[in-house]
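The sequence and the model are shown first.

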Amino acid sequence: MKRSKLEIIQDILKIIQQNHNEIKPTPLLRKSNLSSSRFQEYFQDLLKKEFIIEKETKAGKIISLTEKGFRYLEKYKSIIGFIEEFDL
């Protein structure tokens, strides 16, 4: 089944969260299970909406969630819980 835009965003944010809120771009791309062009679209959108931040370190670029990204994950979980609870 094809993932919706909201599911893909949730998946990307969850991958970052599960990696102690620090992941390099290439492993994130691999784990997101998207083509590189689709990944770039979502990645740029998440940066623009300030769900994630990209930091430059000695080890290279690191991607982390912002407070807004953490809130998205919380709200998404609540919405899914509501849908499942009421069999929608």
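## Basis of the description

The model is predicted: local features need pLDDT of at least 70, side-chain atom pairs count only at pLDDT 80 or more, and totals for chains, interfaces and linings use all residues. Residues are numbered from 1 along each chain as its sequence is written, and side-chain values use heavy atoms, with hydrogens and water left out.

## Overall make-up

The protein chain has 4 helices and 2 strands. Helices (H or I, at least four residues) and strands (E, at least two) are DSSP runs, numbered from the N terminus. Starting at the N terminus, the order of elements is α-α-α-β-β-α.

The C-alpha trace spans about 50 × 25 × 20 Å along its principal axes. The protein chain contains 88 residues, and 33% of them count as buried. Buried means under 20% relative accessible area, exposed means over 50%, and partly exposed lies in between (1.4 Å probe, protein chains only). Of the contacts between residues at least 6 apart in sequence, 52% join residues at least 24 apart; contact means heavy atoms within 4.5 Å.

Two packed helices are described by the angle between their axes and the distance between the axes. Axes are lines fitted to C-alpha atoms, for helices over the stretch in contact, and angles run from 0 to 180 degrees between N-to-C directions. Angles under 35 degrees count as roughly parallel, over 145 as roughly antiparallel, 65 to 115 as roughly perpendicular and the rest as oblique. A crossing is left-handed if the near helix is turned anticlockwise from the far one by less than a right angle, and right-handed if clockwise. In the contact counts, Ala, Val, Leu, Ile, Met, Phe, Trp, Tyr, Cys and Pro are nonpolar, Asp, Glu, Lys and Arg are charged, and the others, Gly among them, are polar.

The axes of α1 (residues 5-18) and α3 (residues 36-48) come within 11 Å and cross at roughly 80°, which makes α1 roughly perpendicular to α3. On the α1 side, Lys 5, Ile 8, Ile 9, Ile 12 and Leu 13 take part, and they meet Arg 38, Tyr 42, Asp 45 and Leu 46 of α3. These residues comprise 6 nonpolar, no polar and 3 charged.

With α2, α1 packs at an angle of about 130°, the axes being 10 Å apart, so α1 is oblique to α2. The crossing is right-handed. Ile 12, Ile 15 and Ile 16 of α1 make this contact with Leu 28, Lys 31 and Ser 32 of α2; the residues divide into 4 nonpolar, 1 polar and 1 charged.

The axes of α1 and α4 come within 10 Å and cross at roughly 120°; the two helices are therefore oblique to each other. Here α1 passes α4 in a left-handed crossing. The α1 residues in the contact are Leu 6, Glu 7, Ile 9, Gln 10, Leu 13, Lys 14 and Gln 17, and those of α4 are Gly 69, Phe 70, Tyr 72, Leu 73 and Tyr 76. They divide into 7 nonpolar, 3 polar and 2 charged.

## The nonpolar core

A nonpolar core is a set of buried Ala, Val, Leu, Ile, Met, Phe, Trp, Tyr and Cys residues joined through side-chain atoms within 4.5 Å. The largest one has 20 residues, and Ile 12, Leu 13, Ile 16, Leu 28 and Ile 52 have the most contacts inside it. At least two residues of this core come from each of α1, α3, β2 (60-65) and α4 (67-85). The largest share, 6 residues, is supplied by α1.

Apart from residues up to four places away in sequence, Ile 12 touches Leu 28, Ser 32, Leu 34, Tyr 42 and Leu 46.

## Single residues

Most residues other than glycine have a negative phi, and most peptide bonds are trans. Asn 33 has a positive phi, near 60°. Asn 33 sits in the loop between α2 and α3 and is exposed, at 65% relative accessible area. Glu 50 also has a positive phi, near 65°. Glu 50 lies in the loop between α3 and β1 (52-57) and is exposed, at 53%.

Pro 25 belongs to α2 (residues 25-32) and is partly exposed, with a relative accessible area of 25%. Leaving aside neighbours within four places in sequence, Pro 25 is in contact with Phe 39, Glu 54, Lys 61 and Ile 63. Phe 82, in helix α4, is partly exposed at 45%.
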